[in-house]
Amino acid sequence: MTSDQYLLLSKKFPSLFKPHAEENHRNLMDVNIFTSAIRQLIKLCGDDPDRDGLHDTPFRVLKAFLEYTEGYHEDPKLHLEKTFDIQHKGLILVKGIEFFSMCEHHFSPFFGVAHVGYIPKEKITGLSKIGRMADGYAKRFQVQERLTSQIAAAMEEVLEPEGTMVVVEAKHMCMCSRGTKKSTTVTTTTSSHGAFETNADLRSEFFSLIKN
């Protein structure tokens, strides 16, 4: 990796590439190990890592993975701590929150939308904060089931609502493009707490709203 490439990484990911010489040396070693492994992978797959189109690919792959996993360097729950003193006792639903994540089993993308609803008790958070929180959990090595549960748990822990419900719908490239190769398959996962867990009418209202 060139010095310009390393400088680019240190500017884009300052929390990972520290200014201290010893840490820089250790990070540079890790980067070189990774990019060398990607070169070997390209060879193993049957191509030449030195040809024009692939020469910079190991560095691009590294930068992409650091972007895919930025959620490790924040606590997504903190986005929800900005609350407002607004009295509202009905359902608040943010639907169609687009996300992109990385399957931890094959390092293959999965992507889709999350629908997050809650019935506030005392705390209401900004609508955009729910999207930022969901994105923080998505930008990690994940499975859809855990992602769904983490989003719901964050809502429960920070906002302490009367009830929370989360539905995630996603397509998994590890299933669509390899293995069973079922390209039209969509996986749906749910997590319900409080009033949504005990009240079937509330769950029905939630599902009717996200389908409209």
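Is Phe107 buried, exposed or partly exposed? Its relative accessibility of 44% makes Phe107 partly exposed, a class that sits between buried (under 20% relative accessible area) and exposed (over 50%), using a 1.4 Å probe and protein chains only.

A quick note before the views: this is a predicted model, where local features need pLDDT of at least 70, side-chain atom pairs count only at pLDDT 80 or more, and totals for chains, interfaces and linings use all residues. Residues are numbered from 1 along each chain as its sequence is written, and side-chain values use heavy atoms, with hydrogens and water left out.

**View 1. The whole protein.** The protein has eight helices and seven strands; these are DSSP runs numbered from the N terminus, with helices being H or I of at least four residues and strands being E of at least two. Its C-alpha atoms fill a box of roughly 60 × 45 × 20 Å along the principal axes. Of its 212 residues, 38% count as buried. Take the contacts (heavy atoms within 4.5 Å) between residues at least 6 apart in sequence: 68% of them join residues at least 24 apart.

**View 2. Helix α1 against helix α3.** Helix α1 (residues 3–12) packs on helix α3 (residues 57–68) at an angle of about 5°, and the axes are 12 Å apart. The axes here are lines fitted to C-alpha atoms over the stretch in contact, and angles run from 0 to 180 degrees between N-to-C directions. The pair is therefore roughly parallel, the label for angles under 35 degrees. From α1, Gln5, Leu8, Leu9 and Lys12 meet Phe59, Leu62, Lys63, Leu66 and Glu67 of α3. Sorted by type, the residues of this contact are five nonpolar, one polar and three charged. Nonpolar covers Ala, Val, Leu, Ile, Met, Phe, Trp, Tyr, Cys and Pro, charged covers Asp, Glu, Lys and Arg, and the others, Gly among them, are polar. The buried residues of α3 include Phe59, Leu62 and Leu66.

**View 3. The largest nonpolar core.** This core holds 27 residues, and Ile130, Met133, Ile151 and Met155 touch the most other members. A nonpolar core is a set of buried Ala, Val, Leu, Ile, Met, Phe, Trp, Tyr and Cys residues joined through side-chain atoms within 4.5 Å. Two or more residues each come from β2 (92–103), β3 (109–119), α4 (127–138), α5 (144–159) and β6 (163–172), with α5 giving the most, seven. Leaving out residues up to four places away in sequence, Met155 touches Leu80, Val116, Tyr118, Ile130, Met133, Glu160, Pro161 and Thr164. Over in α4, Ile130, Met133, Ala134, Gly136, Tyr137 and Ala138 are buried, and their cover includes β2, β3, β4 (124–125), β5 (141–142) and α5.

**View 4. Two loop residues with positive phi.** Phe107 sits in the loop between β2 and β3, and Glu160 in the loop between α5 and β6. Neither is a glycine, yet Phe107 has a positive phi of about 50° and Glu160 has a positive phi of about 50°. Glu160 is partly exposed, at 47% relative accessible area.

**View 5. Arg178 in its loop.** Arg178 belongs to the loop between α6 (173–176) and β7 (187–194) and is partly exposed at 39% relative accessibility. Setting aside neighbours within four places in sequence, Arg178 contacts His106 and Met173. Leu159 is 19 residues from Arg178 along the chain, and their C-alpha atoms are separated by 40 Å.

Key: Angles under 35 degrees count as roughly parallel, over 145 as roughly antiparallel, 65 to 115 as roughly perpendicular and the rest as oblique.
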